[in-house]
Amino acid sequence: MRNRTLLIAGLVALVLGLVGLAIGPSFPSGGPGRWWSGDWFWGHHAWMMGAPAEDHDEPAPDPIPGAETVEVRALDFGFEPSRIVVQAGEPINIRLTNEGFFFHDLTIPALDFHVNARPGESVVGGLAELEPGEYGLYCTVPGHAEMGMVGVLVVEG
Ligand SMILES: [Cu+2]
């Protein structure tokens with residue numbers, strides 16, 4: 001039994017070593033030894049604490065005056081509602097209100113639409129008149145879509 005335990009421990013160490021080698025080169029100069037302690041970690045993980053990651057912080061498209069505003073709540077982790085239904089041929093605004101503890105965004109890739117909000121923040125973005133169809137949406141912060149931050153914008157013709 002002892003030999004088996006040692007074998008398993010060795011395999012675990014080997015796998016951890018390989019993982020370390022695989023991700024090591026992506027660490028900044030200074031090396032993996034300080035990845036958890038310094039600016040690198042917080043620079044890349046500040047979004048966990050409610051701040052945006054660098055590439056998720058683009059401004060929202062300007063709201064469209066007079067257009068109907070659809071309210072969407074961002075939660076940890078999901079959109080409420082996750083199914084947004086609007087009519088074709090009219091511009092709309094989407095107001096994303098972040099009621100979670102984490103930074104969130106609402107991105108509709110097919111429409112090149114993106115709004116993001118810090119915790120407690122409410123941000124409006126405009127969408128020009130839409131073609132009928134179903135457009136998938138999600139939160140682009142790593143891991144959030146997998147945890148449920150997905151939905152669909154349904155444009156009824
Ligand atoms: Cu999110």
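The protein averages a pLDDT of 80, and 65% of the residues score at least 70. This is a predicted model. Residues 23–43 have a pLDDT below 50. In the model, that stretch has eight contacts beyond near neighbours in sequence. The protein holds two helices and nine strands.

**Overall layout**

- From the N terminus on, the elements run α-α-β-β-β-β-β-β-β-β-β.
- The protein has 157 residues, and 20% of them count as buried.
- Take the contacts with a separation of 6 or more: 66% of them come from residues 24 or more positions apart.

**The four-stranded sheet**

- Four strands form an open sheet in the order E2-E1-E4-E7. The pairing in this sheet is mixed.
- Strand E2 (78–80) and strand E7 (122–127) are the edge strands. Each of these two pairs on one side only.
- On average, neighbouring strands of this sheet are turned by 25° against each other, direction ignored.
- Strand E1 covers residues 68–75 and strand E4 covers residues 92–98. E1 and E4 pair in the parallel sense, over seven bridges.
- Valine 72 stands opposite leucine 96 in E4.
- Strands of a sheet pair through backbone hydrogen bonds, either parallel or antiparallel.

**E9 and its partners**

- Strand E3 (residues 83–87) is joined to E9 by five bridges. E3 and E9 run parallel.
- Strand E8 (residues 133–138) also pairs with E9, in the antiparallel sense and over six bridges.
- Arginine 83 stands opposite valine 152, and valine 152 is the bridge partner of glycine 136.

**The nonpolar core**

- The largest nonpolar core has 21 residues. Ala74, Ile94, Leu96, Leu106, Val115 and Leu153 touch the most other members.
- E4, strand E5 (104–108), strand E6 (113–117), E7 and strand E9 (150–156) each supply at least two residues of this core.
- E4 gives the most to this core, with three residues.
- Leucine 106 touches Val72, Ala74, Phe79, Ile94, Leu96, Val115, Leu137 and Cys139. That list leaves out residues up to four places away in sequence.
- In soluble globular proteins, nonpolar side chains tend to be buried together.

**Loop residues and their surroundings**

- Glutamate 131 is in the loop between E7 and E8. Glutamate 131 counts as exposed because it has 11 C-beta neighbours inside 10 Å, and the cut-off for exposed is 12 or fewer.
- Glutamate 131 touches Ala88 and Val155, not counting residues up to four places away in sequence.
- Glutamate 131 and glutamine 87 are 44 residues apart along the chain. Their C-alpha atoms are separated by 9.0 Å.
- Phenylalanine 101 lies in the loop between E4 and E5. Phenylalanine 101 is partly exposed because 13 other C-beta atoms lie within 10 Å. Buried would take 20 or more.
- Phenylalanine 101 and alanine 74 are 27 residues apart in sequence. In space, they are 9.9 Å apart, C-alpha to C-alpha.

**Backbone details to look for**

- The peptide bond from aspartate 76 to phenylalanine 77 is cis, with omega near 10°. Phenylalanine 77 lies in the loop between E1 and E2.
- The peptide bond from glutamate 80 to proline 81 is cis, with omega near 0°. Proline 81 lies in the loop between E2 and E3.
- Aspartate 112 has a positive phi of about 55°, although it is not a glycine. Aspartate 112 sits in the loop between E5 and E6.
- Aspartate 112 is exposed because 9 other C-beta atoms lie within 10 Å.

Technical notes:
Residues are numbered from 1 along each chain as its sequence is written. pLDDT is the predictor's confidence in each residue, from 0 to 100. Two residues are in contact if their C-beta atoms, placed from the backbone, lie within 7 Å. Two strands pair if DSSP finds at least two bridges between them. Axes are lines fitted to C-alpha atoms, for helices over the stretch in contact, and angles run from 0 to 180 degrees between N-to-C directions. A nonpolar core is a set of buried Ala, Val, Leu, Ile, Met, Phe, Trp, Tyr and Cys residues joined through C-beta atoms within 7 Å.
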